[in-house]
Amino acid sequence: MKNHKIGFQGELGAFSEIAVLEYFGDVAEPVPHGWFDEVFRAVEQGSCDYGMLPIENTLAGSIHVNYDLMLEHDLQIVGEIIVRIVHNLMAKPGVHRGELRRVQSHPKALEQCVQFFRKNPALKPETVYDTGGAAKMLSEGENHEIGVIASTRAAERYGLEILEGEIEDNAENYTRFLVLAKQAESTESKRVKTSIVFAVPHEPGMLFKAMSVFALREISITKIESRPLIGAPWEYLFYLDFEGKADSLLCSRAINHLREITTNFKLLGSYAEGRIVDRG
């Protein structure tokens, strides 16, 4: 079977790579990129078959930059997967915990381990661009005073030793990832979600009218997220997920009804509801 090149932001060993491998399995060839927008361009230009992008975390909330990039780029959501985020303190082999003075990781990872740092005030947190990148830099360096917070996969990939596992403040720490492609793909799943983005006139009751097109048809909305409408102060775009296929009779009628009252509308994709991976 042909391998698929899957673009993601970060270094090998990042949680996004775990999402890639869990979703695509043996046919995945993870391709790291420095920035989220580079992943979108790689899929658009064909150097990657798919992109894997985090869209929200149960503790930190939405990754707004990726909402904005979905509007800017013409890609379709074709899948999703939810990964439990498990943070581990690690160091170079043979380094004792008492030797550590600094701990490096992505800012969000550090924020999710506040209690760990309160219990270990001698350790100074330092931000770097990526959890996998922190592990990679540590493996290439010689400083025994530095530890990192990253995934178990990062420890395995870069030959690091886990000194303490599951140091995150809350075990219910999950990130939802979206799979993006140039073209929509069909799904036979019985549990399908559709994502859209729209804007309505800045008039009283318009958002209520928009929501009513789903309520009247008993279509369940699973998420709604507002983002500022660039160039129109105090006006907003709404990203919305609902249950069902966009081309089903019921959902297509709701979408057509919604289009009648919106000033801006874009279908982002219909895709199978993602499974939960309980190990990160």
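This is a predicted model: local features need pLDDT of at least 70, side-chain atom pairs count only at pLDDT 80 or more; totals for chains, interfaces and linings use all residues.
View 1. Look across from Met90 and you'll find Val148 of S9 standing opposite. Strand S7 (residues 102-105) also pairs with S9, this time in the parallel sense, again over three bridges. Val148 turns up here too, as the bridge partner of Gln104.

**View 2. The two faces of S9.** Is strand S9 buried or exposed? Five of the five residues in S9 (residues 146-150) are buried, so the strand is largely enclosed by the rest of the structure. Side chains in a regular strand alternate between the two faces of the sheet. On one side of S9 sit Ile146, Val148 and Ala150, with Gly147 and Ile149 on the other, and all of them are buried.

**View 3. The largest pocket.** This one has a volume of about 550 Å³. It has 24 lining residues, and Phe36, Pro54, Ile63, His106 and Lys108 are the closest to its centre. By class, the lining splits into 11 nonpolar, 11 polar and two charged residues.

**View 4. The second largest pocket.** Here the volume is about 200 Å³. Residues lining this pocket include Gln76, Ile77, Glu185, Lys245, Asp247 and Leu267. Strands S5 (76-84) and S15 (264-272) are the elements giving two or more residues to the lining, and S15 has the largest share, with three. The lining counts four nonpolar, five polar and three charged residues.

Notes. Residues are numbered from 1 along each chain as its sequence is written. Side-chain values use heavy atoms; hydrogens and water are left out. On a 1 Å grid over the protein atoms alone, a cavity is a set of points where a 1.4 Å probe fits but cannot get out, and a pocket is an open set with protein on both sides within 12 Å along at least five of seven lines; lining residues have an atom within 4 Å of a point. Grid points are joined across faces, edges and corners, and a volume is the space filled by probe spheres set on the points. Ala, Val, Leu, Ile, Met, Phe, Trp, Tyr, Cys and Pro count as nonpolar, Asp, Glu, Lys and Arg as charged, and the others, Gly among them, as polar. Helices (H or I, at least four residues) and strands (E, at least two) are DSSP runs, numbered from the N terminus. Buried means under 20% relative accessible area, exposed over 50%, partly exposed in between (1.4 Å probe, protein chains only). Two strands pair if DSSP finds at least two bridges between them.
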